[in-house]
Amino acid sequence: MGNRKGDQSFTNLNVNQVYEDSRGLIWVGTREGLNIWDPKQDKITQLYKSDGLTDNVISGIIEDNQHNMWITTSNGVSNIIIHTDSKTNEYHLSFVNYSEVDGLQSHEFNLRSVFKSSDGEILLGGTNGFNIFNPENIRYNTSQPKVLFTGLKLFNEDVLVGAEYNGNKILSSELNRVEEVTFKYGQNVFSVEFSAMNYVLPEKTTYAYMLEGFNTDWLLTDHGVHSVTYTNLAPGKYTLRVKAANSDGFWSEESTALQIRIKPPFWLSAGAYIFYAFLLISILLLARYMIIRNEQQKFKMKQIELEAQRKHEMDEMKLRFFTNVSHELRTPLTLIISPLENMMKSVADDHQKHQLSLIHKNAIRLLNMVNQLLDFRKSDVNEHSLNLSYGDIISFLKNSFTYFTEYAEKKNIRLTFFSSVDELRMVFDEDKMRKIMMNLLSNAIKFTEKNGTVDVLVKLLPKNGETDPEQIEIRIIDTGIGIKDDEKKRIFERFYQGKTKNEDFPGSGIGLHIVKEFVSICKGSIEVYDNAPKGSLFLLQFPVDRLEYIASHSGVPRENQHAALTGEEHGGEHEEALESEGTRILLVDDNDDFRDFMKDTLKKEFTLLEASNGKEAWSKIIEYSPDIIISDVMMPEMDGYELCEKVKNDVRTSHIPLILLTAHTAQEQELRGLETGADDYITKPFNLDIFLLRINKILELRSYRQDRFKHQIEIEPAEITITPLDEKLIKNAIKLVEENIDDSDFSVEKLNKELGISRVHLYKKLTSITGKSPIEFIRVIRLKRAAQLLRESQLTVSEISYQVGFNNPKTFSKYFKEEFDLLPSQYQQNVSEAPRTNLADPL
């Protein structure tokens with residue numbers, strides 16, 4: 001019966017009327033629906049407007065002689081016809097509603113204004129009068145209305161019969177006669193109008209519609225609406241069905257249907273799918289072809305790589321063979337040359353001396369060829385490195401030049417050397433510069449005919465702006481056979497030999513290749529030009545690194561730089577004995593010379609420790625707990641970043657300031673250093689005065705934090721610590737002392753145990769952060785709490801001394817006067833006159 005609710009509650013407790021019908025059902029009308037209570041089954045049925053009522057506000061309830069119910073509401077009258085199922089005895093309800101169009105005086109009725117006369121007439125009182133009627137005389141319209149389609153609109157415009165819309169003739173005849181209506185894909189907003197053949201109160205006709213293929217439920221149109229509109233329907237076939245109900249609610253059993261077809265867009269048409277299938281098959285075939293071709297190419301490349309690898313291995317084997325042979329030749333050559341030189345000194349006969357000199361000369365030449373082959377092997381495997389030294393490059397070039405004087409004289413070739421400066425002291429690699437000059441001068445003399453000239457010109461090029469540094473230019477000019485233009489680009493390739501050869505001195509094709517490699521390693525450049533009217537000109541340029549420039553940027557004294565660059569060894573000094581007093585600095589660097597220099601610089605002001613790598617440094621940090629760590633970044637075993645991270649993440653060492661030194665100038669490297677917890681990041685070379693100033697500033701900052709702890713009664717750990725780890729430790733230490741403030745037996749051992757740190761490391765850490773030893777730290781916390789109690793409580797001095805953990809008031813007074821320069825009694829009496837720094841709020 002209607003909507004049965006299992007919660008046994010009324011729709012609303014604001015009841016307008018209660019009525020008991022002939023069946024024993026209790027009808028309760030409220031302002032929010034109608035309730036039917038069946039006392040026999042103790043069930044409540046709730047009825048709303050959505051169930052068929054004219055409105056949810058119930059005004060009156062009455063039963064007619066046919067045992068049907070009449071319900072007046074604020075929006076009309078509902079006649080509820082009750083049918084009883086003979087098998088289940090359940091009630092089934094049907095509704096017939098009446099409004100003003102049916103003859104009601106008004107749609108609104110007064111509360112409980114209902115009456116049934118003795119002859120069965122029912123009176124309903126409303127706001128504009130009353131209605132009287134006999135339900136037995138009411139006849140219902142049972143005719144089923146038929147629906148006809150009356151119109152079609154596209155984009156809110158009427159569709160005419162025979163008219164084309166965007167090339168599409170939608171209606172070829174009247175809408176009710178067409179078998180199907182076809183729309184193009186873009187014609188996706190259309191309306192279908194319809195009407196029912198019902199002439200009895202047509203304004204009360206109700207329509208229901210369903211579009212098969214889109215939805216499966218019947219939908220009711222709004223009151224007075226005779227059309228339905230659809231938008232953005234997907235391509236496909238649909239059937240629109242419409243049925244109607246007459247004024248008394250009798251629905252037509254058959255619905256009227258309209259076939260609707262929406263064409264797909266061109267990209268979803270049958271032809272498009274055929275094209276897609278063809279395209280997909282083509283892509284698959286192309287992909288198969290590409291895969292097969294790629295596999296073939298990979299196979300070919302693999303064969304080429306294997307062949308290249310085989311050739312490379314053969315070349316490597318040959319080079320290793322020649323290298324091994326060359327190494328083996330050095331020992332017998334040494335055993336030939338050294339005794340030969342001794343013999344030349346002792347032989348007096350000129351003829352024999354000449355023979356020995358010839359042997360010696362060719363032995364030296366053979367040794368140079370062996371060395372050149374070894375240099376070539378090193379160049380091939382990138383094993384060359386710079387071995388810088390400091391000296392006068394002008395005199396060095398002259399000495400290399402004079403080596404060829406005798407050779408040139410035999411060929412009657414004039415050698416000249418000219419330099420625009422008499423002396424130029426700079427940093428350079430003597431071995432590589434010697435081999436560069438030997439190869440170039442040897443080739444110049446070799447390919448210069450008799451009575452020719454070979455000139456060496458040296459010139460200093462001044463600095464040009466900020467980008468072009470000071471350079472030294474070396475020109476080697478000969479009047480030989482020259483080099484063809486097409487060969488100039490290839491003469492520096494290894495094993496390349498020009499078409500024009502000197503039969504007396506056959507070459508191997510590796511000399512100029514080694515020259516090019518050495519020039520590049522020395523950060524220089526080499527070019528070859530024609531020397532008019534004949535001959536060649538080799539132009540070399542190298543940057544000038546003066547010692548003064550290096551010293552001014554690195555803070556290293558000139559004499560120390562000279563010693564380091566020339567390879568002079570200093571006498572080894574043992575590590576400085578650790579002093580019991582003074583600031584202790586740990587120097588960490590894998591460069592012995594740099595550590596020696598730093599020791600010489602800092603030993604007057606600080607006690608110094610040394611470590612050559614991060615691993616060694618960590619063990620010394622744990623053992624000695626230095627005041628400052630100065631570490632290089634690039635080191636073996638453990639670099640500076642790892643060391644910094646290890647120091648800052650260990651509670652035993654996190655308080656130690658750490659300065660990173662590095663040659664990296666990129667901001668990313670500096671950011672990485674600071675992110676690992678470094679207190680400062682200094683790039684090499686650096687100014688020594690600024691470096692010392694930064695060390696002193698770090699020490700001053702530590703002293704400042706210690707002073708804050710000493711002079712402030714209210715201690716903020718963040719103001720006296722550097723890292724979050726230290727802040728957490730100090731907070732925990734203060735908290736532990738506060739929790740045990742009245743325990744005179746609370747000792748350093750208990751504090752160590754609670755904090756989980758050894759006594760030695762706690763002593764070093766608290767001393768560094770607060771300037772106080774652990775026992776002094778505990779005492780200071782007690783005294784600062786005592787100062788608070790002296791100001792804010794009425795306790796005596798003796799009571800306070802016991803409350804903050806002192807067993808003896810005299811001892812308490814003694815330490816209190818040392819901390820605050822006042823006796824406790826004086827402090828209590830003169831609080832308002834005490835210095836501000838001593839009267840801050842305590843912990």
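Which residue in S23 is the bridge partner of Phe183? I looked it up, and the partner is Ile262.

**Ground rules**

I am working with a predicted model, where local features need pLDDT of at least 70, side-chain atom pairs count only at pLDDT 80 or more, and totals for chains, interfaces and linings use all residues. Residues are numbered from 1 along each chain as its sequence is written, and side-chain values use heavy atoms, with hydrogens and water left out. For helices (H or I, at least four residues) and strands (E, at least two) I use DSSP runs, numbered from the N terminus.

**Entry: the sheet around S23**

S17 and S23 run parallel and are joined by 4 bridges; two strands pair if DSSP finds at least two bridges between them. Both belong to an open sheet of 5 strands with mixed pairing, in the order S17-S23-S22-S19-S20. At the edges I find strand S17 (180-183) and strand S20 (219-220), each pairing on one side only.

Next I went past the end of S23. Phe266 sits in the loop between strand S23 (256-262) and helix H1 (270-346). Is Phe266 buried or exposed? I noted it as exposed, at a relative accessible area of 65%. My cut-offs are under 20% relative accessible area for buried, over 50% for exposed, and partly exposed in between (1.4 Å probe, protein chains only).

**Entry: salt bridges**

I count a salt bridge when a side-chain nitrogen of Lys or Arg lies within 4 Å of a carboxyl oxygen of Asp or Glu. That rule gives 18 salt bridges.

I checked Lys599 and Glu610, whose side chains meet at 2.8 Å, N to O. Lys599 is in helix H10 (residues 592-602) and Glu610 in strand S32 (residues 607-611), so the pair ties together parts 11 residues apart in sequence. Lys599 counts as buried at 2% relative accessibility, and Glu610 counts as buried too, at 11%.

Then I looked at Asp679 and Lys648, with their closest N and O atoms 2.9 Å apart. This pair links distant parts of the chain, 31 residues apart: Asp679 is in the loop between helix H13 (667-675) and strand S35 (680-683), and Lys648 is in helix H12. Asp679 is partly exposed at 28%, while Lys648 is buried at 7%.

I also noted a network: Asp21, Arg23 and Glu63 are joined by salt bridges that share partners.

What does the side chain of Asp639 reach? I found the backbone nitrogen of Tyr641, at 3.2 Å. I take a polar contact as a pair of N or O atoms within 3.5 Å; within protein, one must be able to donate a hydrogen and the other to accept it, and residues adjacent in sequence count only if both atoms are side-chain atoms. Asp639 itself is in the loop between strand S33 (628-632) and helix H12 (640-648), and it is buried at 16%.

**Entry: H17**

In helix H17 (residues 748-755) I listed the buried residues as Val748, Leu751, Asn752 and Leu755. Seen down the axis of H17, they fall within an arc of 100 degrees, so they line one face; the arc is that of the directions from the helix axis to the C-beta atoms. The face turned away carries exposed Lys753 and Glu754. Just after H17, Gly756 has a positive phi of about 70 degrees.

Most residues other than glycine have a negative phi. I place Asp42 in the loop between strand S4 (33-38) and strand S5 (43-47), partly exposed at 45%. Arg112 has a positive phi of about 55 degrees; I found it in strand S10 (residues 109-116), partly exposed at 48%.
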